Amino acid sequence: MNEHVKFMREALIEAVKAYNLGEVPIGAVIVKDNEIIARGYNLRETLLDSTAHAEIVAMRQAAQRLGDWRLSGTTLYSTIEPCAMCGGAIVQFRVDRLVYGAPDPKAGAVDSVIDVVRERRFNHRVDVISGVLEDDCREIIQQFFRELRNKSK
């Protein structure tokens, strides 16, 4: 099995945790030396913290585990294209590679709306691989919002 598929499946497991809490189902894992060192899922509603996106949660956990805010040598897997806040944090944490599943045409800050992680004027740029398990990553979010709309009817 392709390593990117393997780790994106792990990120999807994190997304299900968010889904089960009523959070927007986005999950993330951080890998170093072919081992998951951190996991995260959306916790904005649970923590009442608009910065508690899956990617931020995972990067904070990885920094604690490594004892360094620089996450050099890591790959971040996210089920959805990161937003501008998360893209900026990915650059600030010095993540080497981002692998994401589904694009976010409304708020994506990698390929869709803007490109924060490969901005040439920044002192760090991130390698990007997109579209890994894209259909699965898109489906869990679409299902979440379908159910949310049906509840409000």
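Me: What makes Val29, Ile30, Val31, Arg97 and Val99 count as being in contact with Thr75?

Reply: Contact means that heavy atoms lie within 4.5 Å, and, leaving aside the neighbours of Thr75 within four places in sequence, these residues are in contact with Thr75. Thr75 itself lies in strand β3, residues 74-80, where strands (E, at least two residues) and helices (H or I, at least four) are DSSP runs numbered from the N terminus. This is a predicted model, in which local features need pLDDT of at least 70 and side-chain atom pairs count only at pLDDT 80 or more, while totals for chains, interfaces and linings use all residues. Residues are numbered from 1 along each chain as its sequence is written, and side-chain values use heavy atoms, with hydrogens and water left out.

Me: Why is Thr75 called buried?

Reply: Buried means under 20% relative accessible area, exposed means over 50%, and partly exposed is in between, with a 1.4 Å probe and protein chains only; Thr75 has 9% relative accessibility, and therefore counts as buried.

Me: Why is Asp96 called partly exposed?

Reply: The relative accessible area of Asp96 is 33%, so Asp96 is partly exposed. Asp96 has its place in the loop between α4 (84-92) and β4 (97-102), and, not counting residues up to four places away in sequence, Asp96 touches Leu71, Ser72, Gly73, Thr74, His124, Val126 and Asp127. One of these, Ser72, is 24 residues from Asp96 in sequence, yet the two are 5.9 Å apart in space, C-alpha to C-alpha.

Me: What is there to note about the phi of Arg94, and why is Arg94 called buried?

Reply: Arg94 has a positive phi of about 65 degrees although it is not a glycine, whereas most residues other than glycine have a negative phi. Arg94 is placed in the loop between α4 and β4, and its relative accessibility is 18%, so Arg94 counts as buried. Asn34, which is not a glycine either, also has a positive phi of about 65 degrees, and Asn34 is found in the loop between β1 (27-32) and β2 (35-41).

Me: How do you know that the sulfur atoms of Cys83 and Cys86 are too far apart for a bond?

Reply: A disulfide is a pair of cysteine sulfur atoms within 2.5 Å, and because the sulfur of Cys83 is 3.8 Å from the closest cysteine sulfur, in Cys86, that pair is too far apart for a bond. The sulfur of Cys137 is 15 Å from the closest cysteine sulfur, again in Cys86, and is therefore also too far for a bond. By this rule the count comes to zero disulfides. Cys83 has a relative accessible area of 17% and so is buried, and Cys137, at 0% relative accessibility, counts as buried too.

Me: What makes the radius of gyration of the protein chain agree with that of a compact globule?

Reply: The radius of gyration is taken over C-alpha atoms, and the globule rule is 2.2 Å times the number of residues to the power 0.38. With 153 residues, a compact globule would have a radius near 15 Å, and the protein chain has 15 Å, so the value agrees. The C-alpha trace spans about 50 × 35 × 30 Å along its principal axes, and 46% of the 153 residues count as buried.

Me: Which helices and strands does the protein chain have, and in what order do they run?

Reply: The protein chain has five helices and five strands, and from the N terminus on its elements run α-β-β-α-α-β-α-β-β-α.
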